[in-house]
Amino acid sequence: MSTYNGPWPARRVRQEFFDYFRNRGHTFVPSSSTIPYDDPTLLFANAGMNQACDASLHRHSERGKLKRAFNTQKCIRAGGKHNDLEDVGKDSYHHTFFEMLGNWSFGDYFKKESITFTFELLTGVFKLPKERLYVTYFAGDPQNNIPSDDEAKQTWLTLGMDPTHVIPSKFNFWEMGSTGPCGPCSEVHVDRIGSREVAHLVDGDDPTVVEIWNNVFIQFNRETDGTLKTLPQKHVDTGMGFERIVSVLQEKMSNYDTDVFTPIMARIQELTGARPYTGKFGAEDVDGIDTAYRVIADHVRTLSFALSDGGTPNNVGRGYVLRRILRRGCRYVRKKLGAPIGSFFSSLMPVVVEQMGDVFPELKRKQDEIKEILDEEEESFSRTLDRGEKLFDQYASKAKEAGSNELNGADVWRLYDTFGFPVDLTRLMAEELGMTINEKEFEAAQERSKLASKGTFKKDKSEALKLDVHDLAALEKNSAIPKTDDSAKFGIGNINAQVKGIFYNRQFLSSTSSIPEGANLGVLLDRTSFYAEAGGQECDTGNIVIDDVCDFEVINVQAYSGYVLHTGYLKYGQLSVGDEVISSYDELRRWPLRSNHTATHILNFCLREVLGDHIDQKGSLVAPTKLRFDFSHKAQISLPELAKIESMSIDWIAQNVKVYSKDVDLKTAYKIPGVRAVFGEAYPDPVRVVVLGYDVDEIANDVENPKWRNASIEFCGGTHVAKTGDIKDFVITEESGIAKGIRRITAVTGQEAHEAARVADELRARLDALDLSSGKEKDTGLKVFSVELSQADISVLRKAELKDRLAAVRKAFDKQIKEKETAANKAAVDALVTHFQEKPDSEAYFAILEVNGNAKVLQNVIAQGKKLGKPVYVFSPDVEGGKIAHANYLPENVRSQGFDAKIWASRVTEILGGKAGGKEEGSQGVGVHVDKVEEALNVAETTYLNRK
């Protein structure tokens, strides 16, 4: 593993690209997020084209006004259609995260200029010999009547490319989908070796001849019937793989040997103590350590960028892809490099920030948050990795002993369901042993598990198991079932426990063998790590497990007079009284519960500070996704007061003070100045006291010191964070009254708070864009925005700001419309008056009015004609709406000749379609054939002239 000291370090390559296009009138556009929040069909931004679409589609935004642009787009290809995850580590060039350098033209320059820029940068700036370059152009598609791209070909030849290096290709036509913008493209390939002729290797998957740049010329639109329509404005979108061009300029055959990756490799070695990276692949990488280096280096980049953009590992969609990536990486760290996991990736991540934080400042801004998320996820997986690997080894041995190289699919599902092993990780582990997995059995086991989780337990939920007074009386008499020691709920991690009781159908059983499959049952342990629902905090969920023997999924946990009942169903196996089990709560659910409970204490304190000492808690909910707090207060809380409460709460989080807790004698605890307790609640003696910023022992030794009044001190039996900084953020999303003299505040913390801020930012950007739009698009957009804003789960303060801004935009728009309508109305009426002034002998007035189908203006023109006693027929097309308004008037002297307005309108309707109606004096209608307005005008006139 060597450090690059040549003329083309990665930073310089990127900067030269930036400078070249900036000096040619291009505007730098920051990379869009790797998380495409506005496109649910896409897991991650996976191409530079994501930026081009953003700019070309949002024409009313500042970005939409660009003519020339450049940037480096962050891309992730993992999961979904474009998935490089399982190839990473096996070769020199696959990555789940990569940068795509690109330049764009939106209706400005086209093929000649774009190709010239490409050639100049590669040969003039990067000094690549043109003899090593090979270019392709679209060969045409006679079957679909698409000609060869001779303009691209000729441009390359004019620049001095050898004709044998300019190669036609029928594949050089870019399309985003079955319909939409598309066009030919021209790729640049480079021969890494040189001094040879290798046109035959272009597009041949030869690692020595690689594509480095693609120019896409968007000149057509693919219609729904499959035909191509030439676009009125032509665009250019180009993309050059950053890691690949760096490897070419640094003369490295592998991207992993460039200084894009070598600092990460060096840090991996430093953290693990493994042997140095030697760049071996396949069978040559005998111990698999080089592969591990590549996987870990790739995965830390992907995780750092995805998390900095707001991605969150979880069990759904892109969140599950991120979890798979982290767990895959953890397994390589533990198994191949022999290093402990728990905080490995967060220790490696700073080198990525140091390398790339200048270009992507979000990495620096979010570094602490990325670390916390990585540590939460890694620590959670560390608790099951070794147990899962041990089971995997047993499953593999069992299969081989049976003479099979195929793992049982049900066993693979068990590794996922109980130990969190993604199936692609198990597949990888199997491949290392020359084995496969039975995919059909895996899918069947997965389906059975889904049906079980949807089935009996949920049906029985309304009749959830509870211990009533008779059950509790029986327990008190049964010395074999002691009260549950639940002190471990305040700690972190799994504990070993023993089954003491199995509760089903109002009976305590010795085993589950007689209980129907999938039935809802309860389990009592001698000790538990699960938190039972209490004090407004929701219970933990998780599993009670005997590895490879039994898995009991815990859905609900309730405490009854000291007995903690774990309710759920058996996923597989049986349980018996006396069994030694692992009590394993879901730490990833517990984490936000802790944050929200401590945040509730902070909120309670801040409410008293801002609103006064009369604030008393009347109820609360601590859930994983939000907190809710009910309290006594007679009036609605004003926005300035809410802002102060939220700001003070955020200050508590920023101070990152320690959270202390300890049991204190109840009588002594009540003497602490400022202590918060729920009125009427019966507290145990001793009572657990939770304090922010001061050690409980310090308080107990000086109980009546008035300075404790300035701290949050509460009686509480819930779980809490170790320090307030773990809460990360705090946003109030709702304030309302729920009863006379009782108010309710709902708030979110952590990831939910960040998501609320992101949605608010997105709404603000949309409102900015709407403000720049006009006409019906603006009117419709503002109406839709108003509904979405009222439903948005964002900060009440941000929502109020946006509502005020929306009201101002709407008021200005309505005023503008009214002024336009007044001007248009005046112009239309004046035109009629002028017509008869200039042509006093004219019998009637016929006109097409450019007022977007405004029927009110038409009626005002009609009214003026009526005043003058003149026949009138006026039309106004609404092209966007696909309709045309029309109206007429006939004075009495014309009607007396046997011709009326209804007959007149019916003739026009035959041309325009739609409907018309009215009286003999005047009619109005709405037609649908906007393109026939001129014809309708002529018919109206000739019908009138030929009425006799």
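Reader: Leaving aside its neighbours within four places in sequence, which residues is D285 in contact with?

Author: In this predicted model, D285 touches R275, K280, D290, T291 and R294, once neighbours within four places in sequence are set aside. As for its place, D285 is in the loop between helix 6 (262-272) and helix 7 (289-308).

Reader: What makes the link between the side chains of D285 and T291 a polar contact?

Author: The cut-off for such a pair of N or O atoms is 3.5 Å. The side chains of D285 and T291 come to 2.7 Å, and that counts as a polar contact. There's also the backbone nitrogen of I289, which lies 3.4 Å from a polar atom of the D285 side chain.

Reader: On to the rings. How many aromatic pairs are there?

Author: The count comes to 36, taking ring centres within 6.5 Å as the rule. One of them is Y683 with F715, at 5.1 Å centre to centre.

Reader: Why is the pair of Y683 and F715 called edge-to-face?

Author: Planes over 60 degrees apart get that name. Here the angle between the planes is 80°, so Y683 and F715 are edge-to-face.

Reader: What does the pair of Y683 and F715 tie together?

Author: Y683 sits in the loop between helix 19 (666-669) and strand 22 (687-692), while F715 belongs to strand 23 (residues 713-715), so the pair joins parts that are 32 residues apart in sequence. Y683 has 18% relative accessibility, under the 20% limit, so Y683 counts as buried. F715 has 5%, so F715 counts as buried too.

Reader: What makes the pair of Y873 and F875 stacked?

Author: For stacking, the planes must be under 30 degrees apart. The planes of Y873 and F875 are at 10° and their ring centres 4.9 Å apart, so this pair is stacked. Y873 is buried, with a relative accessible area of 0%, and F875 is buried with 0% as well.

Reader: Which residues do ring pairs link into a cluster?

Author: That cluster is made of F17, Y20, F21, Y109, F117 and W213.

Reader: How do you know that R12 lies over the face of W8?

Author: The distance part of the rule asks for the charge to be within 6 Å of the ring centre. R12 is 3.9 Å from the ring centre of W8 and lies over its face. Another case is R14, whose charged end sits over the ring of F242, 4.5 Å from the centre.

Technical notes. Residues are numbered from 1 along each chain as its sequence is written. This is a predicted model: local features need pLDDT of at least 70, side-chain atom pairs count only at pLDDT 80 or more; totals for chains, interfaces and linings use all residues. Side-chain values use heavy atoms; hydrogens and water are left out. Rings of Phe, Tyr and Trp (its six-membered ring) pair if their centres lie within 6.5 Å; planes under 30 degrees apart count as stacked, over 60 as edge-to-face and the rest as tilted. Helices (H or I, at least four residues) and strands (E, at least two) are DSSP runs, numbered from the N terminus. Buried means under 20% relative accessible area, exposed over 50%, partly exposed in between (1.4 Å probe, protein chains only). A charge sits over a ring if NZ of Lys or CZ of Arg is within 6 Å of the ring centre and within 35 degrees of the ring normal. A polar contact is a pair of N or O atoms within 3.5 Å; within protein, one must be able to donate a hydrogen and the other to accept it, and residues adjacent in sequence count only if both atoms are side-chain atoms. Contact means heavy atoms within 4.5 Å.
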